[in-house]
Amino acid sequence: MQIRGFLAGMTLACAAAIVAPPSIGAQLGVQRERNAPSVYAITNAKIITVAGPAIDRGTVVVRNGIVTAVGATVAVPGDARVIDGNGLTVYPGLIDANSSLGLGGDAGAGAAAGGRGGRGAVGRGATPAQQATAAGAPNSLHPLGLQPELTAVDLLHPDAEAFAGPQSAGITAAQSAPATGIFRGLAAVVNLGGSSAQAMIVKAPVAEHIGFTPQRGGGYPNSLLGVFSALRQMLLDAQHYGAEQAAYAKNPRGLHRPEIDPSLDALQPALSRQMPVVMEASSEREIERALDLAKEFNLRVIIAGGDEADKVAARLKAENVPVLISLNFPRRPQASPDADPEPIRVLRARVEAPKLAGKLAQAGVKFAFEDGGMSNWADFLANAGRTSEGGLSADQTIRALTLSPAEILGVSDRLGTIEAGKIANLTVTRGDLFTGRVTQVFVDGTPIEAHAPAAANGAGSLASGTWTITVTSDEGEKSVTLALQQVGDQLRGTIQGALGSSQISNGSIGANGELQFTASVTLAAGTEEARFTGTITGNVVRGTVAVVGHPQGTFIGTRPDAAQGGGRRGRPPQLPGGGWRVEGGGGIRDGRPLTQRWLLRRIGELI
Amino acid sequence: MQIRRTLAAGSLCVLPAFSLGAQLGSFNPPPGPQGTFAIRGGHIVTVTGADIPNGTVVISGGKITAVGANVQAPPNAQVIDAGGLMVYPGMIETGSSVGLSEIGQGAVATVDIQEVGSFNPNAQAFFGIDPHSAHVGVARVVGITTVVSRPTGGIMSGQAALINLAGDTPPKMAVVPRVALVIELPRSGFGGRGFARAAAQQGSPADASRTRQLQMDSLRSMLRDAEAYGKAQSAYAKDKTLPRPAHDVVLESMLPALGGQMPVIFPADRANDIRDAVTFAEEMHLKPIIMGGQEAPTVAAFLKQHSVPVIVTAVMHLPSREDDPYDINYTIPAKLAAAGVQFAISTGDRGSEIRTLPYNAGMAAANGLSKTDALKSVTLWPAQIFGVGDRMGSIDVGKMANIVVTTGDILEAKTDTKYLFIDGRPIPLDTKHTQLNAQFKDRP
Amino acid sequence: MRRLFLAATIASAATATAQQPATMKPGATLIKNATVLTVTKGKLENTDLLLQNGKIAQIGKNLTAPAGAQVIDATGKYVMPGIIDPHSHSMADAINEGSLSVTSMVRIDDVLNPTDVNIYRQLAGGVTSINVLHGSANTIGGQNAVVKLKWGRPVDEMIFKAAPPGIKFALGENVTQKNSQQAAQAQGRPLRYPATRMGQEEVLRDAFTRARDYKATWDDYNARIAKGEKNLVPPEHNLELDPLVEVLEGKRFVHAHSYRADEMLMLLNVAKEFGFTVKTLQHGLEGYKIASEISQAGTGLSSFADEWSYKVEAYDAIPYNVAILMHHGVVATVNSDSDERARRLNIDAAKMMRYGGLTEDEALKTITYNGAVQLGVQDHVGSIEIGKDADVVIWSGDPLSVYSSAETTFIDGEIFFDKKRDLTMRDQMAKERAALEAADRGRRATPVIP
């Protein structure tokens, strides 16, 4: 645990958010906790309550974690620490509708193979959430990845440093679910702050989570085919289990005691529609499949991701299914001169991504925004702002970041608006939410400075990009272009080139760069499914290719270095300040030199 | 349409009894002896000139000795009645490795297509080809009489052989035992040739470029060494006072290519790779043939300007990009023809499927190439590209008697072969497949 | 942003990828003066064909077009039924669940991808229906999907609803993983059972024995319910065994990938013992060696035209296979098992005339009517007869000629491929690409990664 030492420099009268384990309290000697009063009043601020019209100039009063008053003419209590809100806007604390924030085991503990199925050991470099879920549920009768009883609550781990990024985007609370698996587990709504795991919990459990990415490791299910059947069989088993348990409870005499199965137990509320089920689905067909599965078992489903939800809008509306729209819009990959050009389908998806929310709004589909596995938190609000391209108004966007997720997650009685009596989660900005800057957030009534996030930790871009790959098989060497997009632990993309063109499936990426996906390839004998398994190290990917009936092949490939700019054959980009020559091996981006070699060359030109 | 069964009626060939043992290659019956034959009354497609709707072809001593509407059969000739049939020159498949690989998956002992190491200019297909490969028999009965069979892999793969599909030993098959050198240039963007083997544990894209650079340097230095070697050898031959240069089989093997007498096959499909190959060849004074040519239409002007021929193996390939038009590869030959680029059509198959060669040409004809050009692209043009255009590829007096007599258009799938001559020898139309058919078709 | 290809509006008509023609949906189409290859009722010269309400409404000379009908002058052209490919792995996001030897619970239905551009390329080759099969990774694979290639439509509009369900079995080198055993052992991975052909029989026997017992459990339960017993908890549903019970009851077709004659015979005998008929042997390249046995079993066979020698079990394959089987009374077809070959099945059918002497109609049947029989949809498709679905293709010439190409492909009376329209689309696509690239680059906020 780390104490945020830099808070010592703060001048605003905000209490430092000291996230400290009890041991530090013991180190302080006498006091176990600090007894600083926690009453704040933000005055003279613009206030967007979401519960009513905007207040141009008003005051919000927070006491002991609850909003006690908000309005244009609210009195400031005598004991309050006053924050001058001149030039500031106060919003209800933003809610990330779907994430894995706040989950993590002991960092650096590595692969604790507790419970069954300890495969999928993760090492250093794994996110805390992935490490935690690698351990699995204790005493489960089902393998890792098919353990619906796993709960976010058991994995909660307050980590001020990990929260800094989301907080800089104004996020104060999130639905948090285990990061991997098919039945991923039970999510909780958590506040991104607090001194203990328990203090984080706002409501738990709120939903069961289902993902459709088959796991690495080779056991069943190792393909999307098996994923659906495994889900279906477990849900059927859960129905049967419920009937069995009910029959036994009614009259145990003479019946053999049915085995208790925590996994099937955990599915009962979902089957009875008491608990919603969040399903990860982005493309049109993925969403249709998720809705079909939900219909088959009468589940109350919420779609998460939803990139092509507009194509299914009518059905979503008719079946009353909300969508948690990912703000992790696809990014344009580095140009690679040897690579095949991107398909129009991919270009279109990138250009149209911001317009989705507006289309859903028009179609009357309920939605909220989620981070979608982004690693660059500056994207969260920037992309939320871009939804205006689809006709979404600022108010609608704000609602989708506040009250709508609260409603969808069943916590709108305590979060989502600024109203007296609700939890004091606030987001304070200088300027407009989408174009200004988040200055601070309040979480459970405790103010926390927001700082521009550090450079993206790179996890999101581990796999994303355009790779040029040579596949060596019993038919010789073939060149292909692999365009990948990483979303959380899932991989999507397209393969084009000497093996034909195909969308990849069953794609996943581990924290250490372990990569797996399948694609249809056409060899001389016919069209087969090739399973690519490999590792990404920096900008090189290498691994093996397995095609049923063929001896194993290998593949290796590269992605352009950021520094290479136009690459071997491309025309060097025209740069501001004109006339800088760019050669392979060193480059310029945004006018800022990246390598020393470049610097020397520049000096050489000046001389 | 009636199909007449291919029973060798009034046959010229005695069908030897074959054991149907499963060992490779008991299935290619040997050719009959050369003699004098007159194929009479057929519709002759000469390829070089106008068709002769009702004419006679005379074969003697392995050559075509007469062609025409009013040609008389010599008195001692065996006469073949070709009434109602078509007479074509044998087709030539230039993009395969026939005889070097029998069963690709699961029987590595039958695969001799790729030698170990990156630089094998002296690895000759001629010494790896199995004349008794069952692929030989089944391919020739559709009218493919001649193939260029090449090794693959590495950077210098070896030397291809131009062989007839008849003869029970390689010398008997060979028309040109060493017809072309094969060089597979490393490609930078895709990790360089053999990057998979060369890469260090922690690779980077810079490594890929570096590997390629090293490989290109090695290739250049090898060719330059060979050039120097050749110069020293011929200098010594004229002037024995010079120090006697040692012999080197590897360098020796590259001399014909460096002298421009032997062309060099460069497999290349992408536009950049095609350009690189041609540029490299010109730098090193080699005579390039592009093998593959999937993106050749986009560099057609360049190819024409540099007079580089292309063996198109991509006609039946799936489009490699999602947004490509569905017929992008079917139309390659038509585009090259329109641009004036010299080309031939090939299946690109290693061996067992080369019998689909005529249909590749047919598909090109269905997509913009004229029917006559389509036929040329599998007869005369491949012969010319490999320097044997004066010896085969058409029905002309003086050429090798590689002749196919068929029931219809040789590029059509329903067409059957009635008679086959290779090097002026009659070829029995029995193959492994006809034998198995005979054995099982009436099994109760 | 212009949406160039959406014919319909907001709702579900999916714009799959750029190569999606606004499907031309006339109420009726009159194709005039073509050579109509009915396949079952001979070749009709200078004949008109009326397609109406998705069906073949009339066949004859000098038909009158109903009001509003689209009229196509097909003088000099040929019309044949849409090609049916009985073995395809197109349009699936997963082909194999290879982790277990028996994966009968998985369903291709769950993973169909209607945006696979290969659908469009096959339409351009005159294919209208395909049998999307699970792969050959295991002895008992997954359930299939029979699909009409309605490019641009959502999946449930593509499912061929009249087709009875099927399941994929596989035997031979792929299943026993012969070609990857060495690599597996070198990497220390255990081999999956079965690793020899001996084990295949065991897997089948065991699976069907378990299915029989499972069926008995349910039969008992149903009997007790029928007798009025109350408070019974039903047995569990076992998704692995449910489809095998359907096989035992003759309600689900078995399509079995197999090469060697002896293992095909083994399968036919196991099936007989358990009381069902294998619907088709897939590839069955040595089927000619046991043609009578296959015929007696009532099993069909779907083969390649002339592929062979790519693996050891294909070394004895002969292109006469289909003809020999047909002459023994087996319903035989030619399939592709390849996105590439699927585009030119007409040429493969023509090869059957030289290899085995099939007549034109017999050759055409191998890619149309016989496939419909093998998939149980012969009452709906596979020939040009009044009342059947309007799945027809206009060809530039005789489809059995290499020089011919498909010009217009109809499914249920709608055009899903048209050569002229395709050319127009190319321009539109180029323009759309340019517009999208400009919009994409113009966006200042999109940084490049990493």
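Visitor: How many residues of domain 1 of chain C are in contact with residues of domain 2 of chain C?

Guide: Keep in mind that this is a predicted model. To read a contact between domains, start with where each domain runs. Then count: 41 residues of domain 1 of chain C touch 36 residues of domain 2 of chain C.

Visitor: What area is buried between domain 1 and domain 2 of chain C?

Guide: About 3000 Å² is buried between these two domains of chain C, and carbon and sulfur atoms give 62% of that area.

Visitor: And how many salt bridges are there between domain 1 and domain 2 of chain C?

Guide: There are 6 salt bridges between the two domains. One to look up in the structure is C:D389 with C:K148, whose closest N and O atoms are 2.7 Å apart.

Visitor: Which elements give two or more residues to the side of domain 1 of chain C that touches domain 2 of chain C?

Guide: They are β5 (78-81), β15 (392-395), β16 (406-411), β17 (414-418) and α12 (419-442) of chain C. The most comes from β16(C), with 4 residues. Sorted by class, this side of domain 1 of chain C holds 19 nonpolar, 13 polar and 9 charged residues.

Visitor: Let's move to the contact of two chains. How many residues do chain A and chain C give to it?

Guide: Chain A gives 68 residues and chain C gives 72. Together the two chains bury about 5800 Å², with 52% from carbon and sulfur atoms. On the chain A side, A:L225, A:R332 and A:R348 lose the most area to chain C, together 13% of what that side buries.

Visitor: How many salt bridges and polar contacts are there between chain A and chain C?

Guide: The count is 6 salt bridges, and 28 residue pairs are in polar contact across this interface. Among the salt bridges is A:R232 with C:D110, where the closest N and O atoms are 2.9 Å apart.

Visitor: Which element gives the most to the side of chain A that touches chain C?

Guide: Several elements of chain A give two or more residues to that side, including α6 (224-250), α9 (284-296), α11 (344-352) and β23 (527-537). The most comes from α6(A), with 14 residues. By class, this side of chain A divides into 20 nonpolar, 24 polar and 24 charged residues.

Conventions: Residues numbered from 1 in each chain as written. Chains lettered and ligands numbered in written order. Predicted model: local features only at pLDDT ≥ 70, side-chain atom pairs only at ≥ 80, totals over all residues. Heavy atoms only, no water. Contact = heavy atoms within 4.5 Å. Buried area = accessible area lost by both parts, 1.4 Å probe. Salt bridge = Lys/Arg side-chain N within 4 Å of Asp/Glu carboxyl O. Nonpolar A, V, L, I, M, F, W, Y, C, P; charged D, E, K, R; others polar. Polar contact = N/O pair within 3.5 Å; in protein donor to acceptor, adjacent residues only side chain to side chain.
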